[in-house]
Amino acid sequence: MTATPRRGTPAPALRRRLQSAPAEKDRTDSKVRMAVTLEEAPWLGWILLKALLRFAFMVANNLVAIPSYICYVIILQPLRVLDSKRFWYIEGIMYKWLLGMVASWGWYAGYTVMEWGEDIKAISKDEAMMLVNHQATGDVCTLMMCLQDKGLVVAEMMWLMDHIFKYTNFGIVSLIHGDFFIRQGRSYRDQQLLLLKKHLENYYRSRGRKWIVLFPEGGFLRKRRETSQAFAKKNNLPFLTHVTLPRCGATKIILSTLVARQENGSPAGGDAKQLGSKSKGLQWIIDTTIAYPKAEPIDIQTWILGYRKPTVTHVHYRIFPIKDVPLEIDDLTNWLYQRFIEKEDLLSHFYETGAFPPSKGQKEAVSREMTLSNMWIFLIQSFAFLSGYMWYNILQYFYHYLF
C-alpha cells in the first residue's frame with residue numbers, strides 16, 4: 001500500500017526540485033552578473049582610459065600654466081612699483097584665465113551649469129559679496145565656471161577658502177592673487193577673524209578687488225549637518241536638512257570692513273569720500289544656492305577625472321541691496337539664518353520638482369544655460385602651453401650661460 005503524502009507536505013520529487021531551485025537561481029544570477037560585467041567591460045575600460053588621459057592633461061596643464069603665471073608676475077614687478085593698479089589688473093586677467101582652465105575640465109566632461117533667479121551680470125561692475133551653500137569641493141569649480149561669463153568678476157574676485165587649499169597645486173596662485181585661507185575650529189576662530197580683517201584692509205582695495213566669495217556654513221554639509229541640527233534643537237531654531245545654520249563671524253568682519261558708511265553710520269549706498277580708491281564699498285549681497293541632481297554633489301576628483309556621467313548643476317541667485325542688510329551682530333545673525341532657511345526651502349522644492357520655484361512676482365521660473373566659448377578655452381590653453389615653452393627655453397638659456 002503506497003503512503004499518501006500529508007496535505008501541505010511536498011512529495012520527494014517536488015522537494016528535490018524546490019531544494020535545487022535556489023542553487024539554480026544563484027547560478028543563473030551569477031551568469032547574468034558575469035554577462036553584464038563582460039558587456040560593461042569596454043565601457044569601464046573607456047572610462048578608465050579617459051580618466052587617465054584627463055589626469056595626464058591636467059598635470060601637463062598645471063606644469064606649464066602655473067609656473068608661467070609665476071614667471072610673468074616676477075617679470076612684471078617693476079610695473080607693480082610704477083603702476084600698481086595696472087599690475088594687479090594684468091595679474092587678475094591671468095588669474096581669470098587660470099580659473100577658466102579649471103572650468104574647462106568640467107565643461108568638456110559634460111558638467112554644465114543652469115542658472116536661476118536674478119541675473120547677476122547686471123551688477124558685475126559693482127562691489128558684491130556672494131554667500132554660498134557648501135556641499136563638496138566641486139562647489140568652488142562650479143563657481144569658477146559660471147562666473148567666467150560675468151565680465152571681469154573672476155579677475156577682481158577674492159575667495160575665502162579652507163586653509164588646506166593653500167597646500168594644493170593652486171595654492172601659490174591664490175597666495176599671490178590675495179585670497180584668504182581660513183583655519184576652521186573653535187580654538188582658531190577669534191584669531192582668524194582678526195587676521196581676516198587685517199587681510200581685507202591690506203589687500204582688498206589695494207589690489208582692485210570688487211567681489212568676495214564666502215561659504216558661511218564653515219564646512220561641507222555632510223560634516224556639519226549633525227552638529228548644526230543639534231545646535232538648532234538646543235536653541236529652538238528650524239531643523240535644516242539640505243543646508244546648515246551659517247556662522248556669522250566672517251560675514252560681520254567683511255561687512256564692517258568693506259561697507260562704506262555715511263556720517264550717521266548707515267551704509268553709504270554709493271558715495272564714500274573717505275575711501276582713497278573712491279570705491280562705493282560693497283553694494284550687494286548675492287545669496288547663491290547650488291543644487292545637484294538627486295542631491296549628489298560633484299567633488300574635485302570627479303571634476304578632474306570626469307568618470308561621472310554628464311551632469312547639470314543648478315545655481316540660484318537672489319540679490320539684496322546692502323542697505324537692506326543689518327550690520328549689528330544680532331540682527332545680522334537673524335538675517336543670515338533667514339537666508340539659509342530660504343535656501344532649505346529652495347533646495348526642497350528643487351529635489352522634489354527638478355527646478356527652482358519662480359522668483360517673487362513671477363508666475364514661472366526661468367532658467368538660463370551658462371556656456372563657455374570653446375574658442376576662448378582653446379586660446380587660453382594654447383597661450384599657457386606656448387608660455388611654458390617660452391619660459392623653459394629662457395630658463396634653459398640662462399642656466400647654460402651661467403653654468
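User: What does contact mean here?
Analyst: Contact means heavy atoms within 4.5 Å. The model is predicted, so local features need pLDDT of at least 70 and side-chain atom pairs count only at pLDDT 80 or more, while totals for chains, interfaces and linings use all residues. Residues are numbered from 1 along each chain as its sequence is written, and side-chain values use heavy atoms, with hydrogens and water left out.

User: OK, how many helices and strands are in the chain?
Analyst: The chain has eleven helices and eight strands. These are DSSP runs numbered from the N terminus: helices are H or I with at least four residues, strands E with at least two.

User: Is α8 mostly covered or mostly uncovered?
Analyst: Mostly covered: α8 spans residues 249-258, and seven of its ten residues are buried. Buried is under 20% relative accessible area, exposed over 50%, and partly exposed in between (1.4 Å probe, protein chains only).

User: Which residues of α8 are buried?
Analyst: They are A250, T251, I253, I254, L255, T257 and L258.

User: What share of the whole chain is buried?
Analyst: Buried residues make up 44% of the 403 residues.

User: Back up the chain a bit. Where is L237?
Analyst: L237 is in the loop between α7 (221-234) and α8. With 25% relative accessibility, L237 counts as partly exposed.

User: What does L237 touch?
Analyst: Leaving out residues up to four places away in sequence, L237 touches F231, A232, L245 and Y337. Y337 is 100 residues from L237 along the chain, yet their C-alpha atoms are separated by 9.1 Å.

User: What share of the chain's contacts is between residues 24 or more positions apart?
Analyst: Such residues account for 78% of the contacts with a separation of 6 or more.

User: New topic. At what angle do α3 and α4 pack?
Analyst: About 105°, with the axes of α3 (residues 84-108) and α4 (residues 138-146) 8 Å apart. The two helices are therefore roughly perpendicular, a label for angles of 65 to 115 degrees. Axes are lines fitted to C-alpha atoms over the stretch in contact, and angles run from 0 to 180 degrees between N-to-C directions.

User: Which residues meet there?
Analyst: On the α3 side they are L99, V102, A103, G106 and W107, and α4 brings C141, M144 and M145.

User: Last one: is F403 buried or exposed?
Analyst: F403 counts as exposed because its relative accessibility is 75%. F403 lies in the segment after α11 (374-402).

Methods: Parallel < 35°, antiparallel > 145°, perpendicular 65-115°, else oblique.
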